[in-house]
Amino acid sequence: MCGVPMVGVPQWSDQMMNAKLAEEIGVGVRCRFSEEKGVVVGSELMRCLKLVMIDDATRIEKRCKAEFWKNKVREAMESGGSSEINLKAFVKTIANMKKSE
């Protein structure tokens, strides 16, 4: 995460969930597909881009939340951060499972 708001245009697989979660936690907006055409139409993409780039209230809110999560990710990735701690715990669990076989 780079600390900038996202416009999600999910196509397949986990992209649908990623776009939904980004919208729910407030770091982005998700484009809606045209029920008639089955694709994201240009006007919908423009609506979303305007929300994160032009509309002051939405832009500021999304940027602040994106910055917050960027900092949380950095903290987690630092030496001794939660990512390192959890990875070590995972490896230890796997190693213990191998020993008990």
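Is Phe68 buried, partly exposed or exposed, and what is its relative accessibility? I started my notes there, keeping in mind that this is a predicted model. Phe68 comes out at 44% relative accessibility, so I put it down as partly exposed.

Next I looked for aromatic pairs and found one in the structure. Phe68 and Trp69 make it: their ring centres sit 5.2 Å apart with the planes at 85°, so I logged the pair as edge-to-face. Trp69 is partly exposed too, at 34% relative accessible area.

I looked up a few of them.

Arg47 bridges to Glu44, with 2.8 Å between the closest N and O atoms. Both belong to helix 2 (residues 42-53), three residues apart, or about one turn. Arg47 is partly exposed at 38%, whereas Glu44 is buried at 13%.

Lys65 bridges to Glu61, the closest N and O atoms being 3.5 Å apart. They are four residues apart in helix 3 (residues 56-77), so about one helical turn separates them. Lys65 is at 33% relative accessibility, which I noted as partly exposed, and Glu61 is partly exposed at 37%.

A network turned up as well: salt bridges with shared partners link Glu23, Arg30 and Arg32. Within it, Arg30 meets Glu23 at 3.1 Å, N to O. Arg30 is partly exposed at 24%, and Glu23 is partly exposed at 24%.

Last, I checked the surface for nonpolar patches. Leu87, Phe90, Val91, Ile94 and Met97 form one, with about 490 Å² of accessible area together. Ile94 lies in helix 4 (residues 82-99) and is partly exposed at 36%.

Methods:
Residues are numbered from 1 along each chain as its sequence is written. This is a predicted model: local features need pLDDT of at least 70, side-chain atom pairs count only at pLDDT 80 or more; totals for chains, interfaces and linings use all residues. Side-chain values use heavy atoms; hydrogens and water are left out. Patches are made of residues with over 30% relative accessible area and no salt bridge: like charges are joined within 9 Å, nonpolar side chains (Val, Leu, Ile, Met, Phe, Trp, Tyr) within 5 Å. Accessible areas come from the Shrake-Rupley method with a 1.4 Å probe; for residues, only the protein chains shown count as cover. A salt bridge is a side-chain nitrogen of Lys or Arg within 4 Å of a carboxyl oxygen of Asp or Glu. Helices (H or I, at least four residues) and strands (E, at least two) are DSSP runs, numbered from the N terminus. Buried means under 20% relative accessible area, exposed over 50%, partly exposed in between (1.4 Å probe, protein chains only). Rings of Phe, Tyr and Trp (its six-membered ring) pair if their centres lie within 6.5 Å; planes under 30 degrees apart count as stacked, over 60 as edge-to-face and the rest as tilted.
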